[in-house]
Amino acid sequence: MKTITVFKGDGIGPEITDAVISILKAAHAPLTYEIFNVGAAEYERNGALIPNDAFVSFEKTHLLLKSPITTPIGKGFRSLNVTLRNKYNLYANIRPAKSNDAVKTPFPNVDIVTFRENTEDLYVGIETQIDRNTVHATKIITRTASERIIRDAFIYARKKKRHKVTCVHKANILKLSDGLFLSIFKEIAKEFPDIESDDKIVDNVCMQLVMHPENFDIMVTPNLYGDIISDLTSGLIGGLGLLPSMNIGTDYAMFEAVHGSAPDIAGMHIANPTALLWSACMMLEYMNENETAATIRHAVDLILSEGTTLTPDLGGTAKTEEYTTAIIAKL
């Protein structure tokens, strides 16, 4: 048995966390759980966004399953996601978007994995007030960070028998920063002659994704572009409720749904736990528990295909608990 840390989060976070853990238990995933409340609600209760015990747990287990967290607005807090990524050097944000035959969209052939550099770019949050009417934001691109995310994308392509890696950039305008990222991409691509490589400007990528998403396989990007593009790819497959992700570093790994805490539907029991559940499956695969992950994925696919017990975001009327129960029955 392996112990993992679980952050319940805010809004719909507790609801979807409970759903996912009940499915993991029903699938006999070899896990035990250290569960913590985190986020804005925890701050209002106890004065800490993330309790120290939660940090201690993650530093012990090295595995975190995290549901959406609300960062308080207007109180000087940085994004908790950014804080966690920087604190534990979770440099690779990997977000797979794949069409499911049961979820009808105009794009039936999407199978794209976005590799997003997770620790620098504009997300370092360095801003300078020049005067009352002028603010400068600092964009940071380094060789070290760029090399490791780009190399990871090619290694993943080779391991998963994917055929192409596309570098997404704006080097035509940001000639030094994005130019460095692109030049490093071209250097590393030479180490993987068996993998096709190309590069595209980010605005062209956005246009091409909504015209011919089937032309994309793996994309590797600096931080900001990866955030935007991966949300776009989620729209191609039916929404953020179907997009899992993992954040990987040298020593730690965090698995999370990328959607927000959706406070407008919190407590209504209509939230879709699929993104967090598939993130949990990515965690199981990371742990080499591939059979358990495959069993869960198959059960979800069956429920989606039947189409009779779907949450409202997928066009159904089922409550979160009904959807969860249906998946467990398929196990």
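## Exercise 1: Helix H8

Solution. The model is a predicted one. Step two lists the buried residues of H8, namely Asn223, Tyr225, Gly226, Ile229, Ser230, Thr233, Ser234, Leu236 and Ile237. These residues cover an arc of only 165° around the axis, so they fall on the same side of H8. Step three asks what covers them: the cover includes strands S4 (92-98), S5 (111-117), S8 (164-169) and S10 (218-221), together with helices H6 (177-189) and H7 (202-209). Finally, just after H8, Gly238 adopts a positive phi of about 125°.

## Exercise 2: Helix H10

Identify which residues of helix H10 are buried, which are exposed on the other side, and what the buried residues pack against.

Solution. Helix H10 (residues 290-306) has 17 residues, and the distance from its first C-alpha to its last is 24 Å, close to the 24 Å expected at 1.5 Å a residue. Its buried residues are Thr292, Ala293, Ile296, Ala299, Val300, Ile303 and Leu304. Because they cover an arc of only 135° around the axis, they lie on the same side of H10. On the other side of H10, Glu291 and Ser305 are exposed. The buried residues of H10 pack against helix H1 (13-26), H9 and helix H11 (320-330). After H10 comes Gly307, with a positive phi near 70°.

## Exercise 3: Salt bridges

Find how many salt bridges the structure holds, and state which parts are tied together by the pair Glu256 and Lys66.

Solution. The structure holds 20 salt bridges. In one of them, the side chains of Glu256 and Lys66 meet with an N to O distance of 2.9 Å. Glu256 lies in strand S12 and Lys66 in strand S3 (residues 63-66), so this pair ties together parts that are 190 residues apart in sequence. Glu256, at 1% relative accessibility, counts as buried, and Lys66 is likewise buried, with a relative accessible area of 1%.

A further pair is Arg143 and Glu187, whose closest N and O atoms are 3.1 Å apart. Since Arg143 lies in helix H5 (residues 143-159) and Glu187 in helix H6, the pair ties together parts that are 44 residues apart in sequence. Here Arg143 is partly exposed at 36% relative accessibility, and Glu187 is partly exposed at 38%. Arg95, Arg116, Asp227 and Asp231 are, in turn, linked in a network of salt bridges.

## Exercise 4: Positive phi and a surface patch

Locate Ala262, which has a positive phi although it is not a glycine, and decide which residues form a nonpolar patch on the surface.

Solution. Ala262 has a phi of about 45° and sits in the loop between strand S12 (253-257) and helix H9 (274-286). His269, also not a glycine, has a positive phi of about 60° and lies in the loop between S12 and H9. The nonpolar patch is formed by Met207, Val210 and Met211, which together have about 280 Å² of accessible area. Of these, Met207 lies in helix H7 and is partly exposed, with a relative accessible area of 42%.

Technical notes: Residues are numbered from 1 along each chain as its sequence is written. This is a predicted model: local features need pLDDT of at least 70, side-chain atom pairs count only at pLDDT 80 or more; totals for chains, interfaces and linings use all residues. Side-chain values use heavy atoms; hydrogens and water are left out. Buried means under 20% relative accessible area, exposed over 50%, partly exposed in between (1.4 Å probe, protein chains only). Helices (H or I, at least four residues) and strands (E, at least two) are DSSP runs, numbered from the N terminus. The arc is that of the directions from the helix axis to the C-beta atoms. Contact means heavy atoms within 4.5 Å. Patches are made of residues with over 30% relative accessible area and no salt bridge: like charges are joined within 9 Å, nonpolar side chains (Val, Leu, Ile, Met, Phe, Trp, Tyr) within 5 Å. Accessible areas come from the Shrake-Rupley method with a 1.4 Å probe; for residues, only the protein chains shown count as cover. A salt bridge is a side-chain nitrogen of Lys or Arg within 4 Å of a carboxyl oxygen of Asp or Glu. The expected span of a helix is 1.5 Å times one less than its number of residues.
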